[in-house]
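Student: I have a model open and would like to go through its side chains. Can you take me through it?

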Amino acid sequence: MVNTLWFLVLAGMLTTYAVLDGFDLGVGVLHLLIARTPEDRATAIGAIGPVWNGNEVWLIAAGGSMVVAFPHLYAAAFSGFYLALMLVLWLLVLRGIGIEFRHQVDNLLWREAWDVTFSLSSVLLAVLFGAAVGNVLRGVPLDFEGNFQGSFVLLLNPFALLCGVLSVVTLAMHGASYLALKTTGALQTRARRATVVLWAGTLALLVLVAASSFVVQPQFTANFSRWPFLVLVPLLGLAAAGAIPFFARRERDGMTFVSTGALIVGVLGSAAAGLYPRLLPALPGSSSAALDIHNSASGHYSMKVALVMYLVGIAIVLGYLVKVYWVWRGKVTSEHGYRLP
């Protein structure tokens, strides 16, 4: 039972990270496209400024939960995906200094350089996160001890890259809906239009990924047949996908943003439901079976104690984030920063 609870905690933290850091990554993806003037770009950066670094806490917490609950998964993932994780680390650093440094010197060329850094690193991070999910769904080669056997190039297979493109478009849609919620004027209008256009692209790519997943992982739907209630998870995603254009065309920006977030929850929740109890499937021909919640787990007692401590920590972090989002609620402008309601 405790192994399953840890699976839910890990899946929940990764999904929370995708929803919260997803919109500020999406703002970065769109930064050079719909924020066309220096004022627009200052507004877009200001919209995510108070929250972007706090949103990344969930990625660190997810990595920590692997160490505590599934150390064999942590060892396999962090050794096999080493180059990819180092690249993610450097991109996170570049993206952060892109946000922080652009304000330090009042020079157009300086700001342009950091704007490009911020946007490009956001795009590449979105690709890598999508490719990582794609490789977990597809499976990786594992040796007889459950260690990843392959190379960085192997991770850039067609299915993983397709998931990477889906990730970029989906997070851009999520970021556009956030900008529509937080801004006014021409930037808000462009953000609303981008949300609808990117929604259509997201749907098309979701269909492609879903069809491809039946080829690369035929047993993916077995859990939905075994536990029919799991169908509610993809249904949540479908309902959210239908709600996005409905709310966007009526300029109900808050509900549009909630819907884009719910679509991400539905997609990643469906992936987790299909994977359970596996954490890292093995490709055919591997010397080891998949890493799952049993053969990757630490001791039963330590998992129970750590779970209680983790849940208390999560509650504290949630309370802090609610406070931060409440303080920085309202619209933001390039001239006055946040305009509190």
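Student: What should I know before we start?

Tutor: This is a predicted model, where local features need pLDDT of at least 70, side-chain atom pairs count only at pLDDT 80 or more, and totals for chains, interfaces and linings use all residues. Residues are numbered from 1 along each chain as its sequence is written, and side-chain values use heavy atoms, with hydrogens and water left out.

Student: How many aromatic pairs are there?

Tutor: The structure has 11 aromatic pairs. Rings of Phe, Tyr and Trp (its six-membered ring) pair if their centres lie within 6.5 Å; planes under 30 degrees apart are stacked, over 60 edge-to-face, and the rest tilted.

Student: Which kind is the pair of Phe7 and Tyr276?

Tutor: Their ring centres are 5.2 Å apart and the planes stand at 75°, so this pair is edge-to-face. Phe7 belongs to helix H1 (residues 2-30) and Tyr276 to the loop between helix H13 (253-275) and strand S1 (278-280), so the pair ties together parts that are 269 residues apart in sequence. Helices (H or I, at least four residues) and strands (E, at least two) are DSSP runs, numbered from the N terminus.

Student: Is Phe7 buried or exposed?

Tutor: Phe7 is buried, at 7% relative accessible area, while Tyr276 is partly exposed, at 23%. Buried means under 20% relative accessible area, exposed over 50%, and partly exposed in between (1.4 Å probe, protein chains only).

Student: Which residues make up the aromatic cluster with Phe7?

Tutor: Phe7, Trp227 and Tyr276 form one cluster.

Student: New topic: what does H1 look like, and where is its kink centred?

Tutor: H1 has a kink of about 40° centred on Gly22, the bend at a residue being the angle between axes fitted to the seven residues ending there and the seven starting there. Of the 29 residues in H1, 23 are buried.

Student: Which element gives the most to the largest nonpolar core?

Tutor: The largest nonpolar core has 97 residues, and Trp6, Met13 and Ile48 are among those touching the most other members. H1 gives the most to this core, with 16 residues. Such a core is a set of buried Ala, Val, Leu, Ile, Met, Phe, Trp, Tyr and Cys residues joined through side-chain atoms within 4.5 Å.

Student: And what is Ile48 in contact with?

Tutor: Leaving aside neighbours within four places in sequence, Ile48 is in contact (heavy atoms within 4.5 Å) with Phe23, Asp24, Val27, Ile99, Phe118 and Tyr178.
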